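Please look at the sequence and the structure below before reading on.

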Amino acid sequence: MFTERASVLAKCPECGNDILIDQVWYPGGANDYGSFEVECLKCKHHFDIYLGRDIDASSIKSGAKSIKVIYK
């Protein structure tokens, strides 16, 4: 199946730390949208990052660790 990818930069709302996300989606296919609940690696703040793409195929690459996936 054909996929499209994008590197997305998010920021921690507490300290401004850069968080790099590898965002993946399947054009014309089934995409499970949702959010990552993350913990910032710099200040330990917990918050959600919404992805309008496939949450199962996407991942947090740096700046935070994923605590759980929230499906929408």
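## Terms and model

Contact here means heavy atoms within 4.5 Å. The structure is a predicted model.

## The hairpin

Strand β1 covers residues 4-11 and strand β2 covers residues 18-25. The two run antiparallel and are joined by eight bridges.

Together β1 and β2 make a hairpin, with six residues between the two strands. Gly-16 sits in the turn and has a positive phi of about 85°.

## The three-stranded sheet

Another part of the model is an open sheet of three strands, in the order β4-β3-β6 and with antiparallel pairing. β4 (46-51) and β6 (64-71) are the edge strands; each has a single partner strand, so one side of each has no neighbour in the sheet. On average, neighbouring strands of this sheet are turned by 30° against each other, direction ignored.

Strand β3 takes in residues 34-40, and seven bridges hold its antiparallel pairing with β6. Val-38 stands opposite Ser-66 in β6.

## Glu-37

Glu-37 belongs to strand β3. Is Glu-37 buried or exposed? Its relative accessibility is 18%. Buried means under 20%, so Glu-37 counts as buried.

Which residues does Glu-37 touch, leaving aside its neighbours within four places in sequence? The contacts of Glu-37 are His-46, Phe-47, Asp-48, Lys-65, Ser-66, Ile-67, Lys-68 and Ile-70.

Notes. Residues numbered from 1 in each chain as written. Predicted model: local features only at pLDDT ≥ 70, side-chain atom pairs only at ≥ 80, totals over all residues. Heavy atoms only, no water. Pairing = 2+ DSSP bridges. Helix = DSSP H or I, 4+ residues; strand = E, 2+ residues; numbered from the N terminus. Axes fitted to C-alpha atoms, helices over the stretch in contact; angles between N-to-C directions. Buried < 20%, exposed > 50% of the residue type's maximum accessible area, 1.4 Å probe, protein only.
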